[in-house]
Amino acid sequence: MKIKIKNWMAVATWRWVANDENCGICRMPFENCCTECTLPGDDCPLVWGACSHCFHMHCIVKWLNSQHLNQQCPMCRQNWKFNDK
């Protein structure tokens, strides 16, 4: 007995794996995008610091640019370093 598939539709979902559900800067959920973007995903990626805090890339870059002297994590105030993992 052979079965012939006439039509097939795939459905998928994605989710960021982060240590929190919301960005600590813009307070938007990681499943959504930051306030500067229109679509979540590759255009609005997440970045982690060496301190393990996670933010939308656009949010942390904007935050760091506003902190000219001490570029610190907005959550724990450690010196900000992007996680290299």
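A: A disulfide here is a pair of cysteine sulfur atoms within 2.5 Å. By that rule the count is zero disulfides. Cysteine 44 is in no disulfide, and its nearest cysteine sulfur, that of cysteine 34, is 3.6 Å away. This is a predicted model: local features need pLDDT of at least 70, side-chain atom pairs count only at pLDDT 80 or more, and totals for chains, interfaces and linings use all residues. Residues are numbered from 1 along each chain as its sequence is written, and side-chain values use heavy atoms, with hydrogens and water left out.

Q: Are cysteine 44 and cysteine 73 buried or exposed?

A: Cysteine 44 is buried because its relative accessibility is 1%, where buried means under 20% relative accessible area, exposed over 50% and partly exposed in between, with a 1.4 Å probe and protein chains only. Cysteine 73 is buried too, with a relative accessible area of 0%.

Q: Where does cysteine 73 sit, and what is it in contact with?

A: Cysteine 73 is in the segment after α1. Leaving aside neighbours within four places in sequence, cysteine 73 is in contact (heavy atoms within 4.5 Å) with Cys51, His53, Phe55, Trp63, Gln78 and Trp80.

Q: New topic: histidine 56. Which strand is it in?

A: Histidine 56 lies in β2, residues 54-56. Strands are DSSP runs of E, at least two residues, and helices are runs of H or I, at least four, numbered from the N terminus.

Q: Is histidine 56 buried or exposed?

A: Histidine 56 counts as buried because its relative accessibility is 0%. Beyond neighbours within four places in sequence, its contacts include the cysteines Cys23, Cys26, Cys33, Cys34 and Cys44. Met28, Pro29, Phe30, Asn32, Pro45, Leu46 and Val47 are also among them.

Q: How many residues are in the largest nonpolar core?

A: The largest nonpolar core has 17 residues. Such a core is a set of buried Ala, Val, Leu, Ile, Met, Phe, Trp, Tyr and Cys residues joined through side-chain atoms within 4.5 Å. Cys23, Cys34, Phe55, Ile60 and Trp80 have the most contacts inside the largest core. β1 (46-48), β2 and α1 (57-66) each supply at least two residues of this core, and α1 gives the most, with three.

Q: Which residues of α1 are buried?

A: Cys59, Ile60 and Leu64 are buried in α1. They lie on the same side of α1, because they cover an arc of only 125 degrees around the axis, taken from the directions from the helix axis to the C-beta atoms. β1 and β2 are among the elements that cover the buried residues of α1.

Q: And aromatics: how many pairs?

A: There are two aromatic pairs. Rings of Phe, Tyr and Trp (its six-membered ring) pair if their centres lie within 6.5 Å; planes under 30 degrees apart count as stacked, over 60 as edge-to-face and the rest as tilted. Tryptophan 80 and phenylalanine 82 form an edge-to-face pair, 5.5 Å centre to centre with 90 degrees between the planes. Phe55, Trp80 and Phe82 form one aromatic cluster.

Q: How accessible are tryptophan 80 and phenylalanine 82?

A: Tryptophan 80 is buried, with a relative accessible area of 9%, whereas phenylalanine 82 is partly exposed at 40%. Phenylalanine 82 is in the segment after α1, and its C-alpha atom is 5.8 Å from that of alanine 50, 32 residues away along the chain.

Q: Last one: how many salt bridges?

A: The whole structure has one salt bridge, defined as a side-chain nitrogen of Lys or Arg within 4 Å of a carboxyl oxygen of Asp or Glu. Lysine 62 pairs with glutamate 36, and their closest N and O atoms are 3.4 Å apart. The pair links distant parts of the chain, 26 residues apart: lysine 62 is in helix α1 and glutamate 36 in the segment before β1. Lysine 62 counts as exposed at 53% relative accessibility.
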